Amino acid sequence: MSQHASLRVGGKIRKKRNVMKRFERLNVLRAEGRIAEDKVYGLPKTKPIN
């Protein structure tokens, strides 16, 4: 039995995500100095990483 085309991975261009995970947002905001080190609630919005 063959594998469905939507389940195959590797070798193909991956789709760009349009949202960041929470830890990615925290890292970006801390690197830019936009939030304190201990703040984790009420985060400002960020642009996605390309």
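How exposed is Arg 30, in terms of relative accessible area? Arg 30 is partly exposed, with a relative accessible area of 26%. On this scale a residue is buried under 20% relative accessible area, exposed over 50% and partly exposed in between, using a 1.4 Å probe and protein chains only.

The model is predicted: local features need pLDDT of at least 70 and side-chain atom pairs count only at pLDDT 80 or more, while totals for chains, interfaces and linings use all residues. Residues are numbered from 1 along each chain as its sequence is written, and side-chain values use heavy atoms, with hydrogens and water left out.

**Overall picture**

The protein has 50 residues, and 14% of them are buried. Its secondary structure comes to one helix and zero strands; helices (H or I, at least four residues) and strands (E, at least two) are DSSP runs, numbered from the N terminus. The protein exposes about 5000 Å², and carbon and sulfur atoms supply 55% of that area. Accessible areas come from the Shrake-Rupley method with a 1.4 Å probe, and for residues only the protein chains shown count as cover. Among contacts in the protein with a separation of 6 or more, 21% are between residues 24 or more positions apart; a contact means heavy atoms within 4.5 Å.

**The helix**

Helix α1 covers residues 22–32, and its buried residues include Leu 26, Val 28 and Leu 29. Glu 24 also lies in helix α1 and is buried, with a relative accessible area of 17%. The side chain of Glu 24 reaches the backbone nitrogen of Lys 21 at 2.8 Å. This is a polar contact, a pair of N or O atoms within 3.5 Å; within protein, one must be able to donate a hydrogen and the other to accept it, and residues adjacent in sequence count only if both atoms are side-chain atoms. Just after α1, Gly 33 takes a positive phi of about 75°.

**Salt bridges**

A salt bridge is a side-chain nitrogen of Lys or Arg within 4 Å of a carboxyl oxygen of Asp or Glu. By this rule there are two salt bridges.

| Salt bridge | N to O distance |
|---|---|
| Glu 37 and Arg 30 | 3.9 Å |
| Arg 34 and Glu 32 | 3.4 Å |

Glu 37, the partner of Arg 30, is exposed, with a relative accessible area of 58%. In the other pair, Arg 34 is partly exposed at 43% relative accessible area, and Glu 32 is partly exposed at 49%.

**From the helix to the segment after it**

Arg 22 is in helix α1 and is partly exposed, with a relative accessible area of 45%. Leaving out residues up to four places away in sequence, Arg 22 touches Val 40, Tyr 41 and Leu 43. Val 40 is in the segment after α1 and is partly exposed, with a relative accessible area of 30%. Arg 22 and Val 40 are 18 residues apart in sequence, and their C-alpha atoms are 9.4 Å apart in space.

Which residues does Val 40 contact, leaving aside its neighbours within four places in sequence? Val 40 is in contact with Arg 22 and Arg 30. Phe 23 and Val 40 are 17 residues apart in sequence, with 9.8 Å from C-alpha to C-alpha.
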